[in-house]
Protein chains: 2
Amino acid sequence: MMTIEDMVTATNAPLANADFNRTIVQRGVDLADLACLPISPGWYGKVEEKRRVIKVQCYIMKDTINFYMRPIEGLTVLLDLDTQQVIQIIDEGKNIPIAKATNTEYRFSSTQKNTQKINLLKPISIEQPNGPSFTIENNHLVKWANWEFHLKPDPRAGMVISQVMVQDPDTGKMRNVMYKGFTSELFVPYMDPSDAWYFKTYMDAGEYGFGLQAMPLEPLNDCPRNAYYMDGVFVAADGTPYVRSNMVCVFESYAGDIGWRHAESPITGLPIREVRPKVTLVVRMAASVANYDYIVDWEFQTDGLIRAKVGLSGILMVKGSPYVNMNQVNQNEYLYGTLLSENIIGVIHDHYVTFHLDMDIDGPSNNSFVKVNLQKEMTSPGESPRKSYLKAVRNVAKTEKDSQIKLKLYDPSEFHVINSNKKSRVGNPTGYKVVPGGTAASLLDHGDPPQKRGAFTNNQIWVTPYNESEQWAAGLFVYQSQGDDTLAVWSDRDRPIENEDIVVWYTLGFHHIPCQEDFPIMPTVSSSFEIKPVNFFESNPILNIPPNSPKDLPICKAAASA
Amino acid sequence: MMTIEDMVTATNAPLANADFNRTIVQRGVDLADLACLPISPGWYGKVEEKRRVIKVQCYIMKDTINFYMRPIEGLTVLLDLDTQQVIQIIDEGKNIPIAKATNTEYRFSSTQKNTQKINLLKPISIEQPNGPSFTIENNHLVKWANWEFHLKPDPRAGMVISQVMVQDPDTGKMRNVMYKGFTSELFVPYMDPSDAWYFKTYMDAGEYGFGLQAMPLEPLNDCPRNAYYMDGVFVAADGTPYVRSNMVCVFESYAGDIGWRHAESPITGLPIREVRPKVTLVVRMAASVANYDYIVDWEFQTDGLIRAKVGLSGILMVKGSPYVNMNQVNQNEYLYGTLLSENIIGVIHDHYVTFHLDMDIDGPSNNSFVKVNLQKEMTSPGESPRKSYLKAVRNVAKTEKDSQIKLKLYDPSEFHVINSNKKSRVGNPTGYKVVPGGTAASLLDHGDPPQKRGAFTNNQIWVTPYNESEQWAAGLFVYQSQGDDTLAVWSDRDRPIENEDIVVWYTLGFHHIPCQEDFPIMPTVSSSFEIKPVNFFESNPILNIPPNSPKDLPICKAAASA
């Protein structure tokens with residue numbers, strides 16, 4: 001990864017170059033108003049890429065803190081990352097005006113005068129006056145309800161969840177579910193092939209450090225009142241340790257949801273209404289990779305389900321434009337995005353977040369990946385008044401290529417990880433399944449340089465045999481990597497994965513066509529997937545949880561200020 | 001729909017038949033222990049279907065309230081629904097033992113002795129000591145934050161949301177979003193073509209009444225402490241009105257989530273950390289269509305997003321089996337489901353919930369449906385170091401067939417409803433988009449009788465011109481319908497839909513391969529989709545909401561009992 005020092009140094013380096021300063025001044029910009037960003041260059045096989053290089057682009061911070069909305073379009077400085085030497089200045093787009101600062105501010109200190117325009121909500125809060133139900137031992141061992149796991153802030157992955165175990169309600173024993181789970185890599189290709197944009201294909205973990213960019217969480221807003229905060233300890237470029245305070249939070253959430261329920265209908269008339277509330281444990285961090293904010297949640301349910309959720313907020317990466325209204329745009333001209341405000345285009349891009357899920361269903365060994373495919377089966381003539389039904393067909397993956405999965409709505413499957421040596425009382429293999437949610441697939445050409453580097457997004461699911469050196473989906477060394485050490489390369493070795501210690505890789509994707517609502521700062525967009533018990537327990541593991549009772553709930557009054 | 005009286009009468013009718021009673025007694029079952037269910041027969045073109053008929057199957061309520069887990073397998077009574085005359089008794093499966101009652105109980109009154117086995121959670125609650133932020137006028141007009149809509153309990157749809165308007169933060173004016181939204185029909189085909197199962201292809205709204213089956217919600221568990229409850233008023237078969245109390249609840253939810261955020265990264269070093277909490281308004285009901293419980297939520301976000309969520313809980317419809325362990329099952333034998341417990345198979349099935357979304361973007365007229373398709377575009381040689389990018393291509397649907405959408409991960413689109421006469425300041429059409437979440441598609445053969453009746457699931461999205469008579473996706477008369485009056489039939493007329501008052505139909509689907517965790521009662525499984533502003537607002541509509549402040553939060557103490 002780059003170090004923070006690499007990045008900061010790079011953003012200041014262009015100012016030492018007279019040509020750079022001259023073009024800035026020529027554009028009518030005061031050098032003191034510049035805010036520049038270090039942009040990873042990817043890899044395109046050019047001769048100048050044979051050393052460590054970086055690209056720098058700049059914005060204006062005049063009249064707004066939200067400089068991201070005021071790009072100096074078309075100006076790209078190519079730097080030697082080690083020597084800070086300017087290798088090349090691409091100076092285009094001088095005729096593109098710099099967007100005004102109007103409406104770009106988002107800080108409460110500047111916008112609070114506008115709160116009279118809105119119907120303010122009365123205070124609402126998650127309250128636990130008896131304290132949380134979790135403990136954190138030795139600052140890393142989290143115990144909550146039927147769960148136990150290790151939690152670690154990490155400079156590259158952000159957070160690592162490990163040694164995840166769940167209690168069996170029948171035996172009381174803790175059982176292994178996952179050895180390790182983390183965000184292994186991100187891939188964020190922008191969809192504009194022009195000079196100032198084609199290289200924007202970020203890999204936020206391996207290039208920038210997903211954890212290095214995770215800043216302190218804001219109590220009461222990033223996490224609710226009842227949250228516990230954990231610090232990260234990282235290393236500066238010179239080896240000095242430093243503390244990133246409040247980098248991760250842990251809290252119990254209750255949104256009013258239902259764990260399970262049944263009421264008898266008026267058909268039977270039985271006086272039954274049994275309902276259990278759903279309380280979950282959330283582990284969260286938020287990484288600010290320059291403009292974008294990624295909120296990563298690991299959510300644990302008492303029914304054995306683990307949900308990994310990624311929320312996107314923060315600020316768009318936008319492109320300067322001569323246009324102030326779409327009526328100026330010729331019908332045949334394509335803008336590569338959406339005109340968000342005068343002179344600003346939100347460029348279309350994708351986000352992929354690839355999770356490393358080292359599953360250990362009832363231990364590390366004898367795990368297998370099973371695709372349970374639902375296939376349309378036609379009945380034989382005379383067999384039934386029905387002509388068709390769906391038949392579940394189980395296929396155990398023998399080798400890695402059997403587990404390269406492209407999700408298909410019209411060829412649906414469940415994706416199980418089972419322990420082939422362990423069966424339930426009635427003889428089903430114990431397992432967990434990966435349950436995809438809303439997602440997106442990368443459509444870039446497989447021969448395109450960014451997609452070679454991001455080839456770990458060629459499938460949504462892959463399974464590999466455990467290998468200590470295969471932790472990072474884009475390879476150990478990602479910066480200017482050429483795609484020769486990715487998950488796709490490893491998987492194509494087609495190693496045996498049946499009855500092994502296996503790792504599941506799942507990629508969560510978003511296509512993002514920006515809209516005006518994303519300006520000047522984006523409301524959070526989230527997506528998630530789940531890993532979920534399937535014949536792992538003998539029966540519903542939360543059958544015995546009690547309902548909420550009025551006598552247990554807190555007694556609250558309004559704050560003194562109200 | 002059937003009336004509740006139709007259903008109750010049908011379940012008692014077989015007892016008047018001597019043959020029926022004889023076979024029950026021969027199976028060793030006491031007639032007093034019977035619990036029978038009324039099962040809609042679908043339509044298969046048989047001669048006996050030329051009158052109103054119903055099928056009845058029975059279970060044993062001995063030693064458990066959860067009779068659903070003790071089926072008398074293979075016994076099906078065909079009744080005349082009007083005369084209660086027994087038309088036919090299919091009496092098979094006499095050699096299939098009735099499963100034991102062991103482990104089937106779920107009521108707290110019976111299971112609370114087991115709570116010592118689990119780590120009980122400390123009380124947790126959503127608290128609003130200053131009261132809710134919404135009002136409900138005239139028992140139907142809900143006003144909250146920037147939203148306003150009508151809410152109505154309905155015997156067929158369950159709940160209807162109508163005249164949904166959101167406030168424009170710039171002008172202060174209320175703007176139309178949706179004229180009406182509701183669950184128009186459900187389709188739940190089971191995947192077993194045998195005599196006792198082939199006809200199980202429920203349409204819960206049009207056959208049973210999704211609202212008629214929505215029982216009173218359980219305060220503190222179905223909805224949190226801060227919920228408001230609304231009654232439904234329905235009509236009995238003889239015309240007498242009756243009240244279904246607490247059928248719908250309305251509450252504000254705060255789960256600890258983030259509305260928007262940005263922290264500056266260590267790269268820029270700016271001391272910025274701005275975060276806003278996400279509070280939502282939830283409208284909920286729970287329908288208990290015999291064994292299954294459907295939790296339907298309409299969730300409103302202050303950023304203009306509406307989420308429709310369906311949760312599945314309750315009890316599986318299971319099949320009796322001679323097997324107690326999978327090791328007894330021949331490798332070539334297919335069980336149509338999962339052995340959940342001794343002598344019980346959870347049969348594979350699908351759930352489809354089709355929503356009627358009568359969108360009115362800035363008014364009823366001049367609305368159009370636009371597919372914004374992301375296509376892989378290859379660059380020309382020499383144009384760019386990039387070989388490919390994704391290009392957004394807009395296609396306005398001219399007629400209904402242009403809007404018959406099968407979702408494809410590798411051919412992705414956004415689905416906009418725009419007002420073609422209204423543009424934003426910078427010239428984008430104002431709109432909302434339908435955002436699919438995790439879902440499933442029906443794979444049954446289009447010529448299969450149930451799929452003809454359920455043809456509204458042949459696509460995930462359809463758009464029709466508004467027509468007062470087209471409210472119910474399976475047709476106005478669903479019971480024993482033949483599929484000649486469904487959404488699919490209407491849509492194939494291929495009427496113009498550009499610049500019209502249009503209705504979007506979205507189908508949320510689940511494939512359900514049961515697992516042991518679903519026994520004896522299922523932990524909730526949820527899925528959702530969203531309708532979301534896209535260039536509807538000039539900018540982020542929640543830019544001006546304030547952060548949480550410690551001085552506003554409630555002061556709480558533990559309950560006296562703790």
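1. Let's start where the two chains meet. Across the interface of chain B and chain A there are 104 residue pairs in polar contact, both residues being at pLDDT 80 or more. A polar contact here is a pair of N or O atoms within 3.5 Å; within protein, one must be able to donate a hydrogen and the other to accept it, and residues adjacent in sequence count only if both atoms are side-chain atoms. On the side of chain B that touches chain A, the largest share, seven residues, comes from strand 29 (residues 522–534) of chain B. That side divides into 103 nonpolar, 52 polar and 43 charged residues.

2. A word on what you are looking at. This is a predicted model, in which local features need pLDDT of at least 70 and side-chain atom pairs count only at pLDDT 80 or more, while totals for chains, interfaces and linings use all residues; side-chain values use heavy atoms, with hydrogens and water left out. Residues are numbered from 1 along each chain as its sequence is written, and chains are lettered from A and ligands numbered from 1 in the order in which they are written.

3. Now the extent of the interface. Chain B and chain A each bring 198 residues to the contact, where contact means heavy atoms within 4.5 Å. The area buried between them is about 17,100 Å², and carbon and sulfur atoms give 58% of it. Buried area is the accessible area (1.4 Å probe) that two parts lose on being put together, summed over both. In chain B, the residues that lose the most area to chain A are B:Ile124, B:Ile267 and B:Arg386, together 5% of what that side buries.

4. Charged pairs come next. B:Asp293 and A:Arg261 form one, at 2.6 Å from N to O. B:Asp293 lies in strand 17 (residues 292–301) of chain B and A:Arg261 in strand 14 (residues 258–263) of chain A, so the pair joins two chains. B:Arg284 and A:Asp257 form another salt bridge, with their closest N and O atoms 3.1 Å apart.

5. Strand 30 (residues 555–557) of chain A pairs with strand 30 (residues 555–557) of chain B in the antiparallel sense over three bridges. One bridge partner to look up is B:Ile555, which faces A:Lys557 in this pairing. Strands (E, at least two residues) and helices (H or I, at least four) are DSSP runs, numbered from the N terminus, and two strands pair if DSSP finds at least two bridges between them.

6. Finally, some backbone details worth a look. Most residues other than glycine have a negative phi, and most peptide bonds are trans. A cis peptide bond joins A:Phe519 and A:Pro520, with omega about -5°. A:Pro520 sits in the loop between strand 28 (502–512) and strand 29 (522–534) of chain A. In chain B, the peptide bond from B:Phe519 to B:Pro520 is cis, with omega near -5°. A:Asn246 is not a glycine, yet has a positive phi of about 45°; this residue lies in strand 13 (residues 241–253) of chain A.

Technical notes. A salt bridge is a side-chain nitrogen of Lys or Arg within 4 Å of a carboxyl oxygen of Asp or Glu. Ala, Val, Leu, Ile, Met, Phe, Trp, Tyr, Cys and Pro count as nonpolar, Asp, Glu, Lys and Arg as charged, and the others, Gly among them, as polar.
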